[in-house]
Amino acid sequence: MSETVQEKASFLVVANRLPVDRVTSEDGTESWRSSPGGLVTALEPVMQSRGGAWIGWHGAPDEKVEPFHHDGYDIIPVPLSSQDVERFYEGFSNATLWPLFHDCIAEPVFHREWWDAFREVNQRFARVAAEHAEQGATVWIQDYQLHLVPQMLREMRPDLRIGFFLHIPFPPPELFTRMPWRKELIEGVLGADLIGFQFPGCVSNFLRLARRLPDVEGARGRVHMPDGRMVVVKAFPISIDAVGMRNLANSPQVLAESQKLRQELGDPSTILFGVDRLDYSKGLRNRVRAIGELFESRDLDPEQVVFLQLATPSRERVKEYRMLRNDIDLLVGRINSQSTSLARSPIAYRYTSVPRETLAAMYQIADLMIVTPLRDGMNLVAKEYVACRSRNDSALVLSEFAGAALELRQAYMVNPYDIDGMKASILQALHESPRVKARKMRAMRKQVFDHDINVWADSFLTELESN
């Protein structure tokens with residue numbers, strides 16, 4: 001493809017955010033680089049291989065950016081106003097849908113003006129997709145922020161093949177029916193030809209709700225619509241670019257950085273590692289509390305062990321996220337202040353975003369990875385760790401409430417609400433025999449490499465384009 005943006009595309013990804021961040025150099029020149037987020041990491045290899053266009057918001061409110069070409073595909077920005085960000089994104093998407101879809105860990109908030117903004121912005125995304133899609137094009141809509149786009153786009157362009165993938169869990173009917181606009185949300189997704197979820201339980205939850213609609217029949221992963229269409233509903237567990245992560249982790253640059261990181265941590269004999277977006281669904285409070293108690297009881301020796309926790313900033317304007325940050329800061333500070341070690345703090349807590357190279361270096365030095373969300377659609381961090389660890393002397397502690405638990409069955413499973421159980425699993429993983437650890441890591445590595453991002457994307461798109 002040339003560097004000129006094409007007017008129409010045969011393949012389009014539609015997501016709330018674009019896969020790029022703006023970078024300003026010292027001389028004031030602006031450019032764009034690929035974002036480090038999980039969705040981008042998952043889909044960018046697909047875009048680079050297929051070409052086409054990615055439609056989304058560029059991240060700055062009250063600004064219009066012209067389409068441009070990036071790394072083999074076109075970028076089509078959708079503008080959002082400050083009010084859109086407040087009501088559509090921070091409001092309905094992240095204070096209503098996000099907590100509702102994560103088992104109401106936080107109480108969802110229902111405001112009519114947020115719903116109106118959500119519907120209006122979804123209409124805007126649908127219009128842009130309709131304008132840029134070739135006749136008969138394939139359009140892949142991503143995630144909960146664009147729940148209404150499939151039906152809206154179907155009404156504008158019935159010639160298109162439309163897929164929708166939900167990256168977060170889909171709740172059981174007992175929770176979803178709290179939603180005042182539940183019918184509109186279910187009908188919105190049913191505008192797609194293929195609806196993908198992370199694991200089979202989400203499929204079952206959605207089908208139970210779809211069958212409640214008038215004149216809709218659903219069974220065995222298929223929904224028969226009143227207009228004669230048949231919608232396929234299926235689980236497509238998302239994955240990572242396993243080979244790319246392995247190669248990055250074993251590159252000379254990352255290996256050198258991993259040695260530097262270990263020295264900065266005081267060259268401990270054992271490093272425990274957690275990395276999460278700072279979100280209440282990730283279980284950080286319970287995890288830090290469990291680690292703190294292990295240091296306090298001396299089951300973990302602060303002279304020999306360091307727990308490195310990387311928390312990446314998230315939704316800092318939302319009150320619940322600011323409160324969570326303060327809670328973690330205080331908890332980590334209290335634990336470290338009680339340590340008798342003068343050489344280093346038992347918990348090395350970093351609230352920042354890091355380049356992928358640095359994250360890969362952190363995976364390389366981690367003897368034990370601790371992934372304990374209270375609820376998660378998949379959790380790609382767990383898979384990235386397995387891909388990056390080329391040695392078999394490491395272990396993964398994983399929440400049974402993460403979608404990844406259905407695939408990485410050799411991990412040390414924990415209930416993240418059970419702090420004592422989490423402590424026991426951490427100690428078991430640390431003290432397990434090398435033979436058992438090696439067997440577990442080999443099995444998980446095979447799973448991740450056999451079912452990588454290409455398998456996920458190919459299976460979804462093959463299903464979508466063959467029906």
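In the predicted model, F165 stands opposite G196 of strand 9, and strand 8 and strand 9 (residues 194-197) pair in the parallel sense over 3 bridges. F165 is also the bridge partner, in strand 8, of Q142; strand 7 (residues 133-142) and strand 8 are paired in the parallel sense as well, over 5 bridges. Between strand 7 and strand 8 the chain passes through helix 4 (residues 149-156), and this β-α-β crossover is right-handed. Because 4 of the 5 residues of strand 8 (residues 161-165) are buried, strand 8 is largely enclosed by the rest of the structure.

Across the whole structure, 27 salt bridges are found. One of them joins R124 to D84, with the closest N and O atoms 2.9 Å apart; the pair links distant parts of the chain, R124 lying in helix 3 (residues 112-132) and D84 in helix 2 (residues 82-101), 40 residues apart. Both R124 and D84 are buried, and a network of salt bridges links D84, E120 and R124.

A further salt bridge is formed by E465 and R50, whose closest N and O atoms are 2.7 Å apart, and this pair likewise links distant parts of the chain, with E465 in helix 16 (residues 453-466) and R50 in helix 1 (residues 38-50), 415 residues apart. E465 counts as partly exposed at 38% relative accessibility, and R50 counts as partly exposed at 37%. In the salt bridge between the side chains of D393 and R389, the N to O distance is 3.2 Å; here D393 is partly exposed, with a relative accessible area of 41%, whereas R389 counts as buried at 1% relative accessibility.

Key
Residues are numbered from 1 along each chain as its sequence is written. This is a predicted model: local features need pLDDT of at least 70, side-chain atom pairs count only at pLDDT 80 or more; totals for chains, interfaces and linings use all residues. Side-chain values use heavy atoms; hydrogens and water are left out. Buried means under 20% relative accessible area, exposed over 50%, partly exposed in between (1.4 Å probe, protein chains only). Helices (H or I, at least four residues) and strands (E, at least two) are DSSP runs, numbered from the N terminus. Two strands pair if DSSP finds at least two bridges between them. A crossover is right-handed if, with the strands pointing away from the viewer, the path from the first strand over the helix to the second runs clockwise. A salt bridge is a side-chain nitrogen of Lys or Arg within 4 Å of a carboxyl oxygen of Asp or Glu.
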